[in-house]
Amino acid sequence: MIWMGMDGSKPEKESSASSGCGNFIRLRIVKCSDFVSLSHHDLIRFLNRLCRRANLLVNTTGEYRLICPISSPLPLPLGLEGLSEVVEIEFSEPFEVNFVVDTLNRLAPEGLRFIGGTSMPSESKARAHKIH
């Protein structure tokens, strides 16, 4: 199955040219093949490991139980392919969006592709009703 937009149309590819530099980056990913059977929580843990492998340090709370600032405001149910799923990551230092997308794509296994992203102000986190 393929995930479609709310109006039944395929989501448009977000251009990585709408980049910028910042700590908080909203990425668009394509999730297919083996990643279809991965739960939302497993995908977040996988992305955390992928960022560590790429030396892209994400912010943590610094508390006893570290909370990873990676979220997916509109997670898909199991078994659906995502053509433009949104993932938000807050890094510990500012990065160019193009650099993050290219670095993660080099390390990502088959079935997971980062197709673009935008640098966002940190106060705009997880506003699912504003994501199109």
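Accessible areas here come from the Shrake-Rupley method with a 1.4 Å probe. By that method, the protein chain exposes about 7600 Å². Carbon and sulfur atoms supply 54% of that area. Keep in mind throughout that this is a predicted model.

**Stop 1: the whole chain**

Show the protein chain as a cartoon. Its secondary structure comes to 2 helices and 4 strands. Trace the elements from the N terminus: they run β-α-β-β-α-β. Now colour by burial. The chain has 132 residues, and 39% of them count as buried. Then turn to contacts between residues at least 6 apart in sequence: 78% of these join residues at least 24 apart.

**Stop 2: the nonpolar core**

Nonpolar side chains tend to be buried together in soluble globular proteins. Look for that here. The largest nonpolar core holds 25 residues. Select L47, F91, L104 and F114, which touch the most other members. Which elements each supply at least two residues of this core? They are β1, α1, β3 (82–96), α2 and β4 (112–120). The largest share comes from α1, with 6 residues.

Centre the view on L47. Leave aside residues up to four places away in sequence. L47 then touches I70, V87, L112 and F114.

**Stop 3: the aromatic pairs**

Switch to rings. A pair of aromatic rings is described by the distance of the centres and the angle of the planes. A search of the whole structure finds 3 aromatic pairs.

Select F35 and F46. Their ring centres are 5.3 Å apart and their planes stand at 65 degrees, so the pair is edge-to-face; the cut-off for that label is over 60 degrees. F35 lies in the loop between β1 (21–31) and α1 (40–53), while F46 is in helix α1, so the pair ties together parts that are 11 residues apart in sequence. Are these two residues buried or exposed? F35 counts as buried, at 8% relative accessibility. F46 is buried too, with a relative accessible area of 18%; the cut-off is under 20%.

Next, select F95 and F99. The ring centres are 6.0 Å apart and the planes are at 25 degrees, so this pair is stacked. Burial separates the two partners. F95 is buried, with a relative accessible area of 10%, whereas F99 counts as partly exposed at 42% relative accessibility. You have met F91 already, among the core residues that touch the most other members.

**Stop 4: a buried arginine**

Move to strand β1 and pick R26. Why does R26 count as buried? Its relative accessibility is 10%, and the limit for buried is under 20%. The side chain of R26 makes a polar contact with the side chain of E88, at 2.6 Å.

**Stop 5: helix α2**

Finish at helix α2, which covers residues 97–107. Select N98, which has its place in this helix. At 30% relative accessibility, N98 counts as partly exposed.

Definitions and conventions:
Residues numbered from 1 in each chain as written. Predicted model: local features only at pLDDT ≥ 70, side-chain atom pairs only at ≥ 80, totals over all residues. Heavy atoms only, no water. Buried < 20%, exposed > 50% of the residue type's maximum accessible area, 1.4 Å probe, protein only. Contact = heavy atoms within 4.5 Å. Phe/Tyr/Trp six-rings, centres within 6.5 Å; stacked < 30°, edge-to-face > 60°. Core = buried A, V, L, I, M, F, W, Y, C linked by side-chain atoms within 4.5 Å. Polar contact = N/O pair within 3.5 Å; in protein donor to acceptor, adjacent residues only side chain to side chain.
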